Amino acid sequence: MDSINFIKGYGKVQDLELQHQSPYPNTNTQKKPLVTAVSILAILFLSLTLGAMFGVLVHMATSDPPDLPSSSSSNSAEHDTDSVIKAVCNVTRYPDSCFSSITSLCSSSRKLTDPEAIFKLSLRVSIAELSNFKNTMISNSNQGAAFADCQSQIKDAVSRLNDSVVAMEVCSGREKALTETKISDLQTWISAAMTDQETCLDGLEETGSTALDEVKTKIKKSQEYTSNCLAILANIHTLLRKFNMPLH
């Protein structure tokens, strides 16, 4: 009888325990799958975002850059032949005659943006004008000793300018058309050519010749051209720096 009561009592205890259990399932058990799913979605989203960013970066790194105007093209547009010749001639006492005489020697198809090359052209202009003047003196050689002396002096001036042109000739790629030594020599020769013309003019003015006016007009022009050469050479360093060039 006691054993039967014990068993019945045990059954009651079990019933009490079941009654005290919560009617709701364990919320922690339900939360775990939800958290796991959210985490997986977040990781997938982050991976896709990083992948897309990486793809964009790779495309940017491998694609060609946009076309930009090169410095050489901008320089060529800015430093056209006329503007460079004007800049060079502006350092002279006679910029107008300098510009017109040099541009007359330039071919329309030739681009000239080098102050050294423009200086060399100015020498050729002066030589050509002096040579024409020498021919005028020859035609007036019967006017007296002063004309004969002037003819000799102009011949010497032409020779000095020709020496200057020859000194700028380059025989090898390593040789420079202008160096500090050459500049010094050219300044001496061109200055001497100026002196020759002045001496010639001084001697002619004392003659009172009827041909004096014509001769004075022509020698004044040749003096302008030779003066232009000397001024350009005196400012050659400044001009080269202006166009970002060394002596060459």
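Visitor: What do the elements run like from the N terminus on?
Guide: They go α-α-α-α-α-α-α-α-α-α. That makes 10 helices and zero strands in the protein, where helices (H or I, at least four residues) and strands (E, at least two) are DSSP runs numbered from the N terminus. This is a predicted model, in which local features need pLDDT of at least 70, side-chain atom pairs count only at pLDDT 80 or more, and totals for chains, interfaces and linings use all residues. Residues are numbered from 1 along each chain as its sequence is written, and side-chain values use heavy atoms, with hydrogens and water left out.

Visitor: Thanks! How much of the protein counts as buried?
Guide: Of its 248 residues, 31% do. Buried means under 20% relative accessible area, exposed over 50%, and partly exposed in between (1.4 Å probe, protein chains only).

Visitor: And which residues have the most contacts inside the largest nonpolar core?
Guide: I102, F119, L123, F133, I154 and L204, in a core of 49 residues. Such a core is a set of buried Ala, Val, Leu, Ile, Met, Phe, Trp, Tyr and Cys residues joined through side-chain atoms within 4.5 Å. Helix α6 gives the most to this core, with nine residues.

Visitor: What is I102 in contact with?
Guide: Beyond its neighbours within four places in sequence, I102 touches I85, C89, I118, L121, S122 and V125. Contact here means heavy atoms within 4.5 Å.

Visitor: On to cysteines. How many disulfides are there in the whole structure?
Guide: Two, a disulfide being a pair of cysteine sulfur atoms within 2.5 Å. One joins C89 to C98, S to S 2.1 Å, and is left-handed with -70° about the S-S bond.

Visitor: Which cysteines form the other, 1.5 Å apart?
Guide: C150 and C200. This pair links distant parts of the chain, from C150 in helix α7 to C200 in helix α8, 50 residues apart. The link is left-handed as well, with -50° about the S-S bond.

Visitor: Is C150 buried or exposed?
Guide: C150 is buried, because its relative accessible area is 0%. C200 counts as buried too, at 1%.

Visitor: What about C229, which is in no disulfide?
Guide: The nearest cysteine sulfur is that of C98, 8.2 Å away. C229 counts as buried, at 0% relative accessibility.

Visitor: And C171, buried or exposed?
Guide: C171 is exposed, with a relative accessible area of 74%.
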